[in-house]
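Dear colleague,

Please find below the structure that I am handing over to you. My notes on what was found in it follow directly after.

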Amino acid sequence: MDAGRPNPAQWLWYAYGGGLPRSLSPWVLEDTTRRTWVLRHLGRALVQLAPVVALCLLLPPVDFGIRLTAAGGGLVIGLLFSLAYMTETTEHRAVKAGWPPGTTAARREERAERERVERNARYRSGGAGSFD
């Protein structure tokens with residue numbers, strides 16, 4: 001295993017809310033604050049919902065269309081719920097990894113400010129405000 005990333009078993013444990021070793025704390029912070037943190041959160045949510053959706057599709061003794069509709073509805077509701085608590089969930093993951101509360105929000109805010117400055121700086125030459 002690479003010292004900076006969890007192995008597949010550790011990642012699955014992490015996706016279901018388990019803690020990782022302290023040596024992976026920098027990876028957890030990066031996972032919860034990088035530009036794609038929302039997509040990564042949704043990926044973890046899909047992994048969490050997959051067994052429930054599979055059971056909903058396989059077990060009930062009703063028409064497959066009804067099972068498919070129920071599974072799809074459950075998936076949508078589960079993802080909406082996950083999105084509603086996304087910020088708190090990622091913050092909790094970082095705190096569990098040993099980072100102080102508020103670290104993820106501060107890191108994301110710093111990145112957004114840095115990107116805003118870089119985006120605006122590209123159109124200025126010496127502060128002239130033109131495309132010189």
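In these notes, a residue is called buried at under 20% relative accessible area, exposed at over 50% and partly exposed in between, using a 1.4 Å probe and protein chains only. The model is a predicted one: local features need pLDDT of at least 70, side-chain atom pairs count only at pLDDT 80 or more, and totals for chains, interfaces and linings use all residues. Residues are numbered from 1 along each chain as its sequence is written, and side-chain values use heavy atoms, with hydrogens and water left out.

Aromatic pairs

Rings of Phe, Tyr and Trp (for Trp, the six-membered ring) pair if their centres lie within 6.5 Å; planes under 30 degrees apart count as stacked, over 60 as edge-to-face and the rest as tilted. By this rule there are two aromatic pairs. In one, the ring centres of Tyr14 and Trp27 are 5.3 Å apart and the planes stand at 70°, so this pair is edge-to-face. Because Tyr14 belongs to helix α1 (residues 8–15) and Trp27 to helix α2, the pair ties together parts that are 13 residues apart in sequence. Helices here are DSSP runs (H or I, at least four residues), numbered from the N terminus. Tyr14 is buried at 2% relative accessibility, and Trp27 is buried at 9%.

The rings of Phe81 and Tyr85 have centres 5.0 Å apart and planes at 50°, so that pair is tilted. Phe81 is exposed, at 56% relative accessible area, while Tyr85 is partly exposed, at 43%.

Helices α2 and α3

Helix α2 (residues 25–33) packs with α3 at an angle of about 105°, the axes being 6 Å apart; axes are lines fitted to C-alpha atoms over the stretch in contact, and angles run from 0 to 180 degrees between N-to-C directions. The two helices are therefore roughly perpendicular, a term that covers 65 to 115 degrees. Trp27, Asp31, Thr32 and Thr33 of α2 make the contact with Trp37, Arg40 and Arg44 of α3, where contact means heavy atoms within 4.5 Å.

Two buried residues

His41 lies in helix α3 (residues 37–58) and is buried, with a relative accessible area of 4%. Leaving out residues up to four places away in sequence, His41 touches Ser82, Met86, Thr89 and Thr90. Its side chain also makes a polar contact of 2.7 Å with the side chain of Ser82; such a contact is a pair of N or O atoms within 3.5 Å, one able to donate a hydrogen and the other to accept it.

Ser25 is placed in helix α2 and is buried at 8% relative accessibility. With the sequence exclusion of up to four places, Ser25 touches Ala97 and Trp99.

With kind regards

Terms used
Angles under 35 degrees count as roughly parallel, over 145 as roughly antiparallel, 65 to 115 as roughly perpendicular and the rest as oblique.
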